[in-house]
Every structure is written in C-alpha cells, then in structure tokens.
Amino acid sequence: MRIVLLCLLLISRVAFSQVDYVNPLMGTDSKGSLSTGNTYPSVSLPWGMNSWTPQTGERGDGWMYTYDADKIRGFKQTHQPSPWMNDYGQFSIMPVTGKSVSDEAERASWFSHKAEISQPYYYSVYLADHDVTAEMAPTERAAVLRFTFPETDSAFVVVDGSSVKIVPSENKIIGYSTQHTDDAPANFRNYFVIRFDKPFTFQEVRSTDADHASAIIGFKTAKGEKVSAFAASSFISHEQAELNLRETADFETVKSRARDTWNKELGRIKVEGGTVDQTRTFYSCLYRMMLFPRKFYEINAAGKIMHYSPYNGQVLPGYLFTDTGFWDTFRAVFPFFNLMYPSLNAKMQAGLVNAYKESGWLPEWASPGHRNSMIGSNSASVIADAYLKNGRGYDIATLYEAVLKNCNNEGPLNTGRKGVQYYNTLGYVPYDVNINENAARTLEYAYDDFCVYRLAKALHKPEADLFRKRAMNYKNLFDPSHKLMRGKNADGTFQSPFNPFKWGDAFTEGNSWHYTWSVFHDIKGLITLMGGKKQFTAMLDSVFVMPPLFEASYYGGNVIHEIREMQIMHMGQYAHGNQPIQHMIYLYNYAGEPWKTQYWVREVMDRLYSATPDGYCGDEDNGQTSAWYVFSAMGFYPVCPATDQYVLGAPLFKKIKLSLENGKQLVIVGRGNGRYVSKVSFNGSFYSKNWVSHQALMKGGVLQFDMSLVPSKGRGVRDEDAPYSLSGE
C-alpha cells in the first residue's frame with residue numbers, strides 16, 4: 001500500500017509540473033495577412049541571450065516557423081522578437097543523410113507534428129527524408145543538439161553562417177554571423193563555436209555569396225547512433241563563445257537543468273481550480289512573458305559582466321537587454337516584472353542606463369540596437385513605473401536625464417518625439433504638418449508626460465509641474481461632437497472629413513474608437529469630457545455592439561492583419577489583437593460599473609485565447625498580449641503604469657499563489673462559481689475599492705473574490721471606489 005501511495009504521489013508531482021502545461025506552439029499558425037500570435041517555438045531559458053527553433057521558412061524569412069509548414073530546413077539560433085522586426089546574428093544547423101547537400105531547399109525534410117515534441121526546455125522532431133531524429137536543449141548562451149542517425153556511411157551535419165571554418169583536430173566548427181536588420185556597427189558579429197562528440201570523416205566549406213557560407217562535416221554512423229553538437233555563441237569574440245560553451249554538459253543533464261529552471265520561474269505562480277485548457281493557456285502565456293527582453297550581456301573569464309554594444313560597437317562592462325518594443329510592453333510586461341521580478345527589472349534599468357550612455361538616447365524599440373518602429377517615448381513609463389514601485393540599485397539620476405532628453409527632443413530611428421516642437425507649443429501634434437499618426441503621438445506623449453511628472457515628483461525635481469500640465473494635453477484632441485479623439489490642424493480646427501473607423505492616418509494601427517481610451521492616467525477627466533459616467537459607459541458599450549467596420553485607405557487599401565483580426569473576432573470594434581485598446585475593458589471600474597469589466601474580461605479570455613497553434617487573436621508582441629491574460633486571470637490589471645494601482649477584474653482560477661521575491665506569499669482566491677464579483681476581502685477585511693495597491697500586494701496575504709453567476713450592481717459604484725485619475729489629485 002505504501003508503494004502504491006508513493007507512486008501516486010510521484011505521478012501527482014509530475015502531473016502538476018508547471019512547465020508541462022506550456023505549449024510553445026501557441027500562436028505559430030500565423031502568416032503576414034493574419035496573425036494568431038506570430039510566434040515561434042522558442043527553446044531557451046528565461047530571458048536567455050539566444051533562442052533555438054526549428055526553421056521551416058526560407059533563410060531571411062521572418063516567419064521562420066509556421067505550423068502549417070510540412071518541411072524543416074534547419075535548426076536555428078535566433079534572436080528574433082517578431083517577424084516584423086526579423087532576425088539578427090542567426091546561424092543554423094541541419095543533419096542530413098545520403099549526400100552532402102547544403103542548399104536549404106534541397107536538404108529540407110518532411111516532418112509531422114505527430115512526431116514533434118515542443119517544450120520550453122526541449123524540442124524533438126523526426127526528419128523523415130533523412131531518417132534522423134533531431135533534439136535540442138538550451139542554456140542561457142549555448143545549447144546541445146543531438147541527432148540520432150540511421151546506419152549509414154553518409155551522415156552529415158550542415159552549419160550555415162556568414163563565415164565558417166572547420167577545425168577537424170578539435171571536432172569543431174567555428175564561424176560568425178553578420179546578419180542584421182537596420183543599422184548596426186560595422187563590427188557587429190555573432191561569433192559561434194560548435195563542438196561535436198564524434199570525429200569527422202568528411203569536411204567541406206561552400207560559399208554561396210559574400211555573406212553566406214556552409215560548413216559540412218560527415219561521418220559513418222551505426223543504427224541509432226547519437227551524435228551531439230555543443231553550440232555556443234558570443235557577440236564579443238570567439239574566445240568568449242568558448243567560455244560560454246562551458247555552460248553545456250551532456251544532453252540529458254542540460255535538458256534536466258533547463259526543465260528545472262523553467263519550473264522554478266513558472267512555479268512562482270501556482271494556479272489551482274481551473275480547467276486543463278485554462279491552466280495550459282495560463283502557463284503558455286507566462287512562458288511567453290519570460291522570453292523578452294533577452295539578456296545581451298555575457299560573463300568573461302574574470303567573472304565580470306560585459307556586453308558588446310550594438311549602439312557604438314564597443315565591448316563594455318555592465319548589463320544590457322534587448323529585443324523589446326516599449327510601445328507594446330510598457331502596458332503590462334514591465335509592470336509584471338515589477339510585481340514578480342523586481343531585481344531582474346533593476347538589471348534591465350541598469351541596461352537602459354548603458355544604452356543611453358552608449359547611444360545618447362533611450363531605446364523605444366531595440367533589436368539589438370535602436371529600431372525605426374512605432375511611436376511614443378514610452379521608455380518614460382518603463383523607468384517611472386520601476387522606480388515608483390521601489391526599484392533601486394541603478395543610476396536613476398542618469399535615467400531621469402535620459403527621460404528628459406527623449407521627451408524634449410526628436411531623435412534618430414524613432415527615439416525621442418517626432419513633432420515635439422509642435423507638441424510643446426500647441427499642446428498637440430497637428431494633423432496637417434506631414435507628421436503621421438499625430439493624434440496617437442499626442443495621446444501617448446501626454447501619458448508619458450504624466451510618467452515624467454510622477455518620477456520628477458518622487459525625485460523632487462523642478463520639472464514636475466511642467467510635465468503635470470502637459471499630461472493634460474490629451475484634452476486638446478477631444479471632439480465633443482463625436483465624443484472621440486480626433487486629429488487637429490495647426491490652426492486649431494479638427495481635421496475633416498472625420499471617419500472614426502479609419503485606421504492609421506491620425507492613429508497608429510488602430511482608429512479613433514481604439515485610441516480614444518488612451519488616457520490611462522486621467523480616466524476621470526475623460527469621463528467629464530464625455531458628459532459623465534452614463535455617457536462614458538455608453539461609449540464603452542458601443543465598442544462591442546458596433547459592426548467591425550473599417551477604412552484602410554491609409555495603407556493603400558491593403559487590409560493589414562490587425563484590421564482583419566478585429567473584423568473576424570465578432571466583438572464589434574474591440575481589437576484585442578493590438579495593444580491600444582487592451583486596457584479599455586477595465587475602464588468600467590472608473591464609472592461605477594465594474595460588473596461589465598468582469599463580463600468582458602472573461603469573454604476575452606474564453607473566446608480569444610487558447611493553448612493551440614491559433615491561440616492568440618493577433619500578434620503576441622514580446623509578452624504583452626500574454627501579460628494581459630496572466631494579469632486578468634489573477635483578477636487585476638495595471639491600467640496605468642507609474643501609479644501604485646492595479647484595477648480589479650475577476651480571477652479565473654479558484655486559487656492562485658504568488659511567491660513574491662521578498663519572501664511574502666500572495667494568495668488570490670476565487671470562491672464560488674460565476675464570472676461576477678459579489679464581494680472582495682483583503683486579509684479578512686471587507687474591501688470596496690475597484691483597485692488594489694502594489695504596496696499592499698507586496699506585503700502578501702489573501703485577496704479573496706466571492707464569485708457569482710449574476711452581476712453585483714451595488715459593489716464598487718461609489719466615486720471613492722474608482723481607481724486613480726490625475727484630475728482627482
């Protein structure tokens with residue numbers, strides 16, 4: 001009997017291992033015209049410098065792995081944050097049999113998802129055309145690949161890079177990749193070293209063009225013989241790549257360590273009482289939140305933290321992170337780090353100090369250096385939120401200097417603020433001065449000014465009052481005749497004709513119905529502009545009941561994927577597949593109707609997310625769309641980073657345990673059935689507010705939601721229950 005109980009206990013422990021719920025294929029059934037995530041299965045460690053992935057797309061194709069593909073061309077070390085940003089520093093490895101073929105189309109092998117295993121710490125697939133099983137397991141800066149060959153005297157491994165060299169005396173291939181998109185220093189290279197555990201009987205180097213070469217090594221293998229390739233890389237040097245190779249060990253050891261690492265990080269949040277599908281979706285989303293931004297620093301022979309700077313080409317001391325766009329991730333990803341990983345975020349803040357010192361600007365989209373993408377100066381939000389939530393241990397004085405520079409100047413590659421002179425004088429970026437997406441810029445600048453105001457106030461800086469005043473600039477674009485935000489000309493007149501369903505133009509990847517709510521910091525002020533709470537909630541309701549009309553002339557008539565994703569989700573004008581409107585559902589809390597938040601949050605979680613290849617309703621975007629789900633499943637969401645508050649929704653699970661970094665434990669309980677909240681208590685005391693503070697959560701305790709099948713229209717209806725707004729100060 002004891003043996004039976006022990007076996008059941010062991011089975012139970014295995015069954016509830018968090019990493020086993022993760023599906024890295026979630027969101028991979030995507031294409032340029034329709035995104036269900038635009039992800040790839042990343043075999044990596046949390047925030048690792050490199051990811052590894054099977055490659056189904058052609059070399060250089062941002063859609064490097066798509067679920068509907070039927071052939072694999074190689075196994076790629078990648079740093080790609082999004083297909084729209086593409087890759088840099090990539091190289092690939094491919095086992096083949098029969099003949100020494102390097103052309104990726106010719107060597108590509110049929111595969112089936114039925115013979116594929118995809119986990120965060122391990123990937124395996126059967127390559128049918130070569131009768132080879134390929135496996136991968138990661139470390140932070142290296143990986144071990146293992147190939148199980150058939151009996152043959154013609155087993156080969158092909159390595160693609162910009163430059164390659166075979167060192168047969170050491171069973172080794174070394175090389176580097178110079179691949180990158182947009183600007184990079186002239187000396188940019190990702191140096192790699194690959195050591196095999198079997199001597200070569202064949203070797204050849206082939207060059208196809210000035211920036212692409214293939215190394216082919218071969219050997220005779222017995223049936224079922226396993227050949228391992230130990231691969232590491234460095235942006236600093238080949239010597240550093242050799243040091244990074246020391247992270248590896250035998251395949252099973254690396255695999256086991258990687259599994260333990262993922263379980264440690266995913267296990268900081270334990271959920272109970274949901275369905276298997278809900279649990280799989282939760283942990284699959286949590287996994288995505290732990291991939292970016294990636295570590296762009298290394299540890300040298302003396303044990304010092306060093307990094308190659310993609311900004312000036314020098315090797316310098318200190319932290320650096322990359323591959324994130326703050327336009328997406330300021331909203332929920334970085335607030336999540338402040339809640340669960342404050343010491344990690346402190347390192348990220350130190351990395352921002354270095355990025356500023358090395359380039360003269362804060363990055364807004366980095367991959368690996370500045371990229372010319374998106375709008376806003378949302379680095380202000382990332383920096384202010386970290387500091388205001390007690391982030392310490394880095395140079396906040398330099399970051400404050402950097403924030404002021406980014407907010408008061410126009411910089412290269414979308415750093416700084418385009419149209420800043422107009423904004424600072426008129427209070428908005430005009431529609432008719434040849435600056436695109438001007439209304440969106442104005443709204444984001446106003447919010448970012450709020451963040452600067454909050455940071456300046458905390459640091460006792462004289463600029464606080466100026467930035468508080470600028471934070472109200474959103475009012476300059478409110479059109480009372482439509483109760484919507486609208487582009488405005490330099491002479492003070494609204495642009496005309498006005499189509500609130502027109503995407504782009506005055507807005508960024510959205511329309512007026514999406515961007516009107518981008519007043520994160522002053523929803524009370526927006527309510528006043530709309531004529532009061534009833535008019536405000538009626539406008540919120542309208543988003544869901546209007547048909548999904550759109551006008552795409554700004555994009556030359558091309559229906560961009562974000563438009564299509566809104567159109568087909570059957571939720572009216574609500575476009576959850578892109579970031580600008582994702583917080584909108586939580587705004588009912590500001591107008592005394594929190595039950596509508598509870599209803600729509602659950603609708604979105606149930607209808608628009610699943611742990612399947614088509615599991616998202618748009619681009620996943622470096623953890624942001626996943627972060628919305630994770631926060632919402634916990635029962636609250638950071639509507640306005642740079643404040644201390646999370647706005648309440650309703651928890652998805654019966655119990656969620658958060659092991660906070662300070663040693664405290666926060667337990668979130670959803671008692672009863674239904675999606676509506678009838679009562680909230682915090683540490684046993686009745687709680688009436690529609691928000692909860694960060695500082696209170698960091699002390700730990702029990703946050704309990706009593707759930708109901710029907711709305712509770714008497715809870716959270718008072719003015720004093722509403723979350724923070726700047727107008728209420």
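Which residue takes a positive phi in the hairpin of β7 and β8? In this predicted model, where local features need pLDDT of at least 70, side-chain atom pairs count only at pLDDT 80 or more, and totals for chains, interfaces and linings use all residues, that residue is D131, with a phi near 55 degrees in a hairpin that has four residues between its strands. Residues are numbered from 1 along each chain as its sequence is written, and side-chain values use heavy atoms, with hydrogens and water left out.

Strand β7 (residues 122-127) runs antiparallel to β8 and is joined to it by five bridges, where strands are DSSP runs of E of at least two residues and helices are runs of H or I of at least four, both numbered from the N terminus, and where two strands count as paired if DSSP finds at least two bridges between them. Within this pair, Y123 lies opposite M136 of β8. On pairing with strand β9 (residues 142-149), β8 is again antiparallel, here over six bridges, and E135 stands opposite R146 of β9; the hairpin formed by β8 and β9 has three residues between the strands. Strand β8 (residues 132-138) is largely enclosed by the rest of the structure, because six of its seven residues are buried (buried meaning under 20% relative accessible area, exposed over 50%, and partly exposed in between, with a 1.4 Å probe and protein chains only).

A further open sheet comprises six strands of mixed pairing, in the order β17-β29-β30-β34-β31-β32.

Turning to helix packing, helix α5 (residues 276-288) and helix α19 (residues 624-634) pack at an angle of about 130 degrees, their axes being 8 Å apart, with axes taken as lines fitted to C-alpha atoms, for helices over the stretch in contact, and angles running from 0 to 180 degrees between N-to-C directions. Helix α5 is therefore oblique to α19, given that angles under 35 degrees count as roughly parallel, over 145 as roughly antiparallel, 65 to 115 as roughly perpendicular and the rest as oblique. The contact, defined by heavy atoms within 4.5 Å, involves Q278, T281, F282, C285, L286 and R288 of α5 together with S626, Y629, V630 and A633 of α19. Of the residues in this contact, six are nonpolar, three polar and one charged (Ala, Val, Leu, Ile, Met, Phe, Trp, Tyr, Cys and Pro count as nonpolar, Asp, Glu, Lys and Arg as charged, and the others, Gly among them, as polar).

Helices α15 (residues 523-530) and α16 (residues 533-545) pack at about 95 degrees with their axes 7 Å apart, and are therefore roughly perpendicular to each other. Here I523, L526, I527 and M530 of α15 meet K533, Q535, F536 and M539 of α16, a contact made up of six nonpolar residues, one polar and one charged.

Finally, A456 is located in helix α12 (residues 438-458) and is buried, with a relative accessible area of 0%. Residues up to four places away in sequence aside, A456 touches Y400, K461, E463 and A464. The C-alpha atoms of A456 and L404 are 9.9 Å apart in space, while the two residues are 52 residues apart in sequence.
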